[in-house]
Amino acid sequence: MRQLLIIDDEKNIRHGLQVMIERQFPGRYTIRCARHGQEGLFTLREQPADIIITDIRMPVLDGIAMLEQLRASSELVQQPEVIVLSGHDDFEYAKAAIRYQVREYLLKPIRRDDLFAALESLENELVRKESLSRRLEDAEQYRRQWQEEQLSRWLEAPADEAKRELDACTWLQLPEPYIVCVWNCVTADGHPVAVQELDLLLSQLADHTQATYEMQLLDREGRRVWMIRQEQLGLLQALAGAAARREVSGLWAGISSSKLERSELQTAYAQACRALVYGFFCPGMYLLNEPVLQEAEIPQAQLEEDVRRLGNLLGTGRSSEISGMVHHLFRLSGTGMRSLNEVQRTVRLINENVLDEVFRHFGEASIEVLRLYRRVCSLEHYRYFHDYCRDLERLLLSLDEYIGQLRLVHSEHHRLKEAVAYLHSHYARPLNMATVSNHVSLNYSYFSEAFKAYTGESFVVYLKKLRIERAKELLAEPHHRLSEIGEKVGFESSRHFSRVFRELEGITPQEYRARLELRSGMV
């Protein structure tokens, strides 16, 4: 609906105009009223209008003075169309009305047909402007999109081709000096945030800082690229400060050094991209320049030797040395910035020569350890490097305990013999793996692996078979009732006993006893 504002100091005129308009154009306008020009301006600040119908002579602020302030205002996105009412056929008023771009000038008393014709004329004008505005917006959007696509292509093109085309470009106007800023945002799991969400976040932060850009584009990685004036760097830092106050995690901007020529755009973009990568190592930082790396990368042979030593430590119980080796491998106690290439090499060696080997030789650990193992296998699962290091250290310490327990179990068979003997002596009691593992003082998870390795069967299957073998002995003795045998060998009910018996023997206890009786009668 159109917004229409009636300004007149006479209540009857305000009310009469509103009734006539609503009756003639039902549903077209939302109508508000004001008593004088000052009140009209206040109403417009609260809610802009498409059309104003205003009297000339009013107290406090007359119509012409109100129009003068209205046209001079920078607060309104779009100026309203104006119909002036006057009881005085005065040439000076007409000249003022023309000066302030009044569309219609009506004399009081207002004739209905004149008013309605004026409103129809303004409606046509508004529709024409809206249509033109949409076409201009579409054209501007197409122009921006085309320019963004061209810039994005140049950023990835061969250097000679990009420089040649940038030198010949006539529409690209970059300030000198300028800075390239590449934005990226990732979730806690290391996945990139959609560009629509990134744009919304940057827009919200920029609203509080007035940070802006000369041009922007989307690169092939789905990251937002800004080109800004060098003097705007302070506003960019203010935007980063706003992100810090709001505790926005996973948001980084790689910043290039300032450049003087637009042909160096590709170089500046490459600098910003290299800087952006190191946000992975810098929690709490939002603006990143390409870092000065610490000492040269560790030679491959030395790195492989260090990783081999880390693998040898697992199962020894020397947790402090394992943690120290993680810190050594990733230089966590050093100063400066690590090379991402070196970190990736180290992670790959740990995955292949330590973690994969552990699970290949010692089998699967607990579900929690496996879940952590699947997460640690890739840096892409993490927002920050220190989170990866923390999880890697946790995983290695868990595996150290796991391997140590397995080695202990395999070196102390007497505990497993004791467990088997305990089962043979107490099979008729309610038993579970926790009870037996506690009896022989072994960890529940490790006992499960060791018991299966020792007996060739899982704890549950072994106990079932033991109880059924004892039940078969009792079934051979006729004085034992079928309903009692299951309970005597440890089953919770005769139904459970029958089900397990049939599962292992293929026949029911009744059929088994009948077969025994048939055989004894044939002897």
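Rings of Phe, Tyr and Trp (its six-membered ring) pair if their centres lie within 6.5 Å; planes under 30 degrees apart count as stacked, over 60 as edge-to-face and the rest as tilted. The model is predicted, local features need pLDDT of at least 70 and side-chain atom pairs pLDDT 80 or more, while totals for chains, interfaces and linings use all residues. Residues are numbered from 1 along each chain as its sequence is written, and side-chain values use heavy atoms, without hydrogens and water.

View A. One aromatic cluster is formed by Tyr278, Phe280, Phe281, Phe330, Tyr382, Phe385 and Tyr388. The structure holds 19 aromatic pairs. Tyr382 and Tyr388 make an edge-to-face pair, with ring centres 5.7 Å apart and planes at 80 degrees. Tyr382 is buried at 3% relative accessible area (buried is under 20%, exposed over 50%, partly exposed in between; 1.4 Å probe, protein chains only). Tyr388 is buried at 0%.

**View B. Arg375 over Tyr382.** The charged end of Arg375 sits over the ring of Tyr382, 4.2 Å from the ring centre. This requires NZ of Lys or CZ of Arg within 6 Å of the ring centre and within 35 degrees of the ring normal.

**View C. Phe447 and Phe459.** The rings of Phe447 and Phe459 are edge-to-face, with centres 6.3 Å apart and planes at 65 degrees. Phe447 lies in helix α17 and Phe459 in helix α18 (residues 459-475), 12 residues apart; helices are DSSP runs (H or I, at least four residues), numbered from the N terminus. Phe447 is buried at 0% relative accessible area, and Phe459 is buried at 6%.

Key. Helix = DSSP H or I, 4+ residues; strand = E, 2+ residues; numbered from the N terminus.
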